[in-house]
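Trainee: Before we turn to the details, may I ask some questions about the fold and the packing of this model?

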Amino acid sequence: MIDFGYNINTDRQIDYDANDHRMSHFILSREPSYNLCIGCGSCTATCSAGNFTDFNFRKLHLMIKRGEISEVKTKIQKCMFCGKCLLVCPRGVNTRNLILTINCAIDELKL
Amino acid sequence: MTFDLFVLPFFLGLIFLLVVLGIKYTRWINALPKADILKIRNGIFSRKFFLSIKEIFFESLIHRKMFKQNALSGWMHMSFAFGWFMLIVIGNIESRVYSGKHINPPYYPIFLKFFVHDKKVLPFEIYTVPGFFRFSMDLMLLLILSGLVLAFIKRQHSKWFGYQRKTKQTEFDRFALTALWFIFPLRLLAESFTAGYYLGGGFLTNSLGWVFSCFLPVQYLAYPAWWAYSFALGAFFVTLPYSRYMHIPTEVLLIFLRNFGIKTEKNFNSFSEIEVNSCPRCGICIDTCQLNTSACIHDTQSIYFLRSVRQNEVKQDVAFDCLLCGRCQEICPVGINLNAIRITKRRDIQTLTPNSYNYLIPTQPPSVDVVYFAGCMTHLTPSIKKSMTEILDVTGVKYSFLDADGTVCCGRPQMMAGKIDAAQQLMDYNKTLIQKSGAKTLVTSCPICYKVFKEDYNLNIQVLHHTQYLWQLMNENKISLKPSEKTVVYHDPCELGRGSGIYEEPRQIIKSIAGLMSTEHEKADALCCGGSLGNVQINSKQRNAIQKDVLDELQKFHPDTIVTACPLCKKTLAKGSEAKVEDIAEFVCKALQPTANKKIRKEQFKSLTKAELIELAIEKL
Amino acid sequence: MKVEGKRLIWKDYQKEIAEDKFFYVRSCIRQTFFPGSEWAFLKIMKEVLGKDVYENPAHTTCTGIGYHSDIVPFDTTMTVVARQFALMTEAGYQNLVPSCITSFGLYTEVMETWKHFPEEEKKVRDYLKKATGREFEVPKNLAHASDIIYKFRKQIAAKGKYRLINKTTGEPLKVVEHIGCHYAKMFPSKGVGGAEYPYVLTGMVEDWGGEVIDYPERRHCCGFGFRQYLVKANRGFSVACSKKKFESMAPYKPDMIITNCPGCPMFLDRWQYVISEMEGKTYGEDGHGIPVFTYEEVAGLILGFDPWDLGLQLHQVPTEPLLNKIGIPYDPFKKYLGKNGEDIGIPMKPSMLNA
Amino acid sequence: MSKKVVIIGGGIAGMEASITLAELGYHATLLEKSHSTGGHVQDWYQLFPNRRPAKEVLTFSELRMEGKVKTINDADIIEIEKNINDFRILLRNGKLVVADAIVVATGFDLFDAHRKEEYGYGIYENVITSADLEKRFSEGKKILTHDGAAPKRIGIIHCVGSRDEKSGNNYCSKVCCVTGVKQAIEIREMLPETEVFCFYMDLRMFGRHFEELYKESQEKWGVSFIRGRLSEANENTDGSILLKVEDTLAGKPLKMKVDLLVLLAGFVPSGGTKAIGKMLGLPFGDDGFITPKDEHTSTNLTDIQGVFVTGSCTGPKSIQDSIADARAAATQVANYLK
């Protein structure tokens, strides 16, 4: 192997077909309101943890839906579980159970 | 004759039961934390022992709490427990009289009428010693049978007994129940047949025996009846440790341990195990549960949850489908710490993924006398924090608004979800901040925060919910309020009322400025608004169903205002209410008397040092 | 795939291409990358098709690379372009044929600008006059050299000795056509077949016997994108682009790639080597890689030019497997002999690519 | 003698306008260029938002038309002559129709999806339009890929030919969003194993029960939504379609394979609208639709006395909109002829 002084960049693209959708299926089977998000971002705007760090539940939720789950495990740890997101969601997404179920999925699917 | 083969089913069953109970109880007690074992040692030789005996008499035998709830239900339970207990006690004395010995085989008193046929005494000669015993024993049997009849009726008409919804029994429990139900009718038959032939027995068995002997070959039926009676007893004893009837002996143990000062811990230990085994599965918790009455959820109530704990198959969706409102705990006749046990089990089935809040770095807050902590939810109800800061400003107290720029959660929600370690990290952060402020008083607007500050933070300063603080301010004349003609109902928040025992302060405050109307469920019996963070499972429709029923009750007599003392309750109720929903802080803030308060402020200014005045002026700027 | 659908679109994107009398402007980089290509174009035009093609040795770069790298301002570019036009006008030609795709795109851009903003043209005329004393006319017809070959593809096929057909199986060769981004993506109406389904190379392949494959990343850039390549730190992005294309075309098992841009064949060819040396991954059969050609090279091969005269020895991915497939004879011993039979040296053998 | 009104265009708006006018006592003649009245509604299977059969609405109009409205099908208008008191409409077959007033209800055509070349309609076998899908629904055909397999995943592309400067149509076609949601539900109902993804820029659920339908599609039918405009579609070796979009909520480009791609083609002014508008000298907006006299207060009037406009010839409209608009136009006509 030759060192050319640069590497082949990895793709930023979400490759939906190649991604791992087990977590998404797992969550949907336990929390049907998972599907209801319209990406309004009110959960993220009100988020207690998001006030102090870059924790973004809207995006985390979306990334799981797209099967981009490599960072979920480290990101989800920042949530304080305070429940403000639950109170502001216009679609009635049970955000707290989503958080809990994401943790469960990490555990049960050994991610 | 002191033995017959038919006693064996009973005798072996009894031995089996005693061995199993012996093993279980020894194991549980040994597994208790050392401090708890010490408490037992100290407790046995103290007043607590006798207090326990008293409690056992009133609760386990007489079922006083049951009577309070429903007389029929109380009678049913009392007749079984007290009647059977008395049968054993009187039977033992009777057998001593007959045998002349102090120690008899355990089956002897049970089957005494088989072994001893005393024809000399007439059935109603109760003034003789044998007559007294015969009468008493038949009376107790009749008592039990009356309970049995009620139990039959209850199967059909559970509503008469105060049960809105029948408990879903397991097959095994049903088997044990059948065995139990057979015991006393069979005893009646066995004693009656024997009495019919030998002309013995008391007023009940003798008369019945005479009737039977008229048309039945009682001399042949008696012996099989004794066998059947023995079998029923044996079957019941063998099934008891594995059925709900385990509560009968375990509750006694629980009462002792509880009186000795043992408490439910944050983790599931053998005391929790004893509590779980003390659950009689009476089903009272089902009717009191709003998930059942409002949200059509019928399988997650404490009775079913504890059963799943006993069977070691706790499911996440059951464990987390509970409002943790504490209504069932309040009403539980055995007094089991249902919330605490559920939380410990939530902890057990939690994932291992740890939380990490290393992004939180405590800063130095300003030095003050009072720290005001609004709480996460209060930030979604800005009128509460605005009212509180206005009131605090008026009093002139030196305070800081600790979480003005966003709250770090108090940790209680994580705790309720069983994530104790995560909660601890948040608690450590907030504790550091509070301690750094040097405040002597912590005031919070959120009952959820209040409970955890009070119980788990170990702050060594005064911790108050704003309800208490406002009442204190009123009593100290630091604020004066203008009365109005308004009619008000007060909604008790779960964490403040049942959770922390604060019922009076809000009511006193309201009464002093408005007309307080009472509601059907209040104080310890108050309903949960449905917004609880304790429940993670229910969907928004179910939450709304609970909220609607609560509002229907609160608005029944058309109050002007619904006052509550929790941002979450306020937010939950406000979205469906026709009446105005206010937090008590808003209610008080609106009633502030400006002139009187100015005076107070002036006086306070007088007592302030120059430096303090300057600081205050700067803050005001 | 419905070809009728494509034909409908192609109908909408037909452009006028001059018949004869061409003023040819060269590419800055092709003579180093694939030196036989422009030679082949001129030879085909002059000797095979008998056309009048003129080139002026005084012509310069169009500034395209500098312009697209934000180094050369547009005013400068327009003035340089105007000078090329002046050379053409002075030589008495009206049909401009650039060899380079970027030049083609840039000339188009300049001409379109002048069409919509005549004051710009006036300004540039002024600049050029002041700087060089030259005057110019805007070309009557602007066509890329590949447009010219496209126009005469059928004549070339008729005069050709070979077809893009696998000699042993008789099947058409599977060809990936890759169009330079600046050919039609900026001005779809200026490209034969438009930007989405360009026909310029497809037409050649079809008429020369091959079969074009339509793979998902067909539209993707080769990765040259001046700024990505020129800065070494950015080359990882450049190679990633090519890799994306190779990964996408690989399942179709293409026999060759045909291109019409100076940069594309260079990068599609050389990056195959780099990828193989970086990741050990090769595309094409038996680790040979997928051979990459310019359209002039392919036209030359069809017409029976000697592969080594066409400069195929300068390809990184060996072209011999394809020559074998078509049945084009070549002398392996002459591969590394230069113009006068002198040895130009045999390059080092790559470790992964089967050369 | 009752006055004569000619209604040009036999779509839902033209039908309703003619019925109302006939009921008001005018002599209504409906000119329809095709073989039958009903317009685009004839091609619909079920209507949003309540998914009632489209036929019901059509029957509702047809029954009321019977015996009241004179209908001329295959009417190809070649000239309209305006006189002082009336209009003379000359048809290609030589017939002359005289009218005291004209109602233009020439409607819309669907955007020709071929024009969105990068989406591959007409080129890739597995790219169809919403109209093709609706037709398959109403003909009771199965939803299959070109190879006859059940599609595992279907993509629905919103705003094809709408809100797109590159298609020359800057406007919103109004009804495609909810149509896409309706069709997604219908697909899921028919093929419960098939995943459905809608790719949208904004979801404009403006009507009553539209937002609820959208929520239902997520909650009950598990339809997925990705916010991002399709940049290009490509065909894979197996004939499936590779989509490239930016998932704008994720802030990342995304690629996804679908077995069938449905393009929600928008509204364009119909050929009839352009031709009749031109014949009558009506003004067109820069979107190509006829501009009424006033866009707020006189939406059915034109600058020409006796010429009225209704339905989608003045911009995209739903069926509800069209029926209401047609009745409004009829009252305007009645006012004028009074």
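This is a predicted model: local features need pLDDT of at least 70, side-chain atom pairs count only at pLDDT 80 or more; totals for chains, interfaces and linings use all residues.

Trainee: What share of the contacts in chain C with a separation of 6 or more comes from residues 24 or more positions apart?

Mentor: Chain C is built from 16 helices and 8 strands. Among its contacts with a separation of 6 or more, the share from residues 24 or more positions apart is 77%.

Trainee: What radius of gyration does chain C have?

Mentor: The C-alpha atoms of chain C occupy a box of roughly 60 × 50 × 50 Å along the principal axes. A compact globule of 355 residues would have a radius of gyration near 20 Å, and chain C agrees with this, at 20 Å.

Trainee: Which residues have the most contacts inside the largest nonpolar core?

Mentor: In soluble globular proteins, nonpolar side chains tend to be buried together. Here the largest nonpolar core has 240 residues. Those with the most contacts inside this core are V103(D), V104(D) and L263(D).

Trainee: Which element gives the largest share of the side of chain C that touches chain A?

Mentor: The contact takes 13 residues from chain C and 9 residues from chain A. On the side of chain C, the elements that give two or more residues are α13 (235-249) and α14 (263-279) of chain C. The largest share, 6 residues, comes from α13(C).

Terms used:
Residues are numbered from 1 along each chain as its sequence is written. Chains are lettered from A and ligands numbered from 1 in the order in which they are written. A nonpolar core is a set of buried Ala, Val, Leu, Ile, Met, Phe, Trp, Tyr and Cys residues joined through C-beta atoms within 7 Å. A residue is buried if 20 or more other C-beta atoms lie within 10 Å of its own, exposed if 12 or fewer, and partly exposed in between; C-beta atoms are placed from the backbone. Two residues are in contact if their C-beta atoms, placed from the backbone, lie within 7 Å. Helices (H or I, at least four residues) and strands (E, at least two) are DSSP runs, numbered from the N terminus. The radius of gyration is taken over C-alpha atoms; the globule rule is 2.2 Å times the number of residues to the power 0.38.
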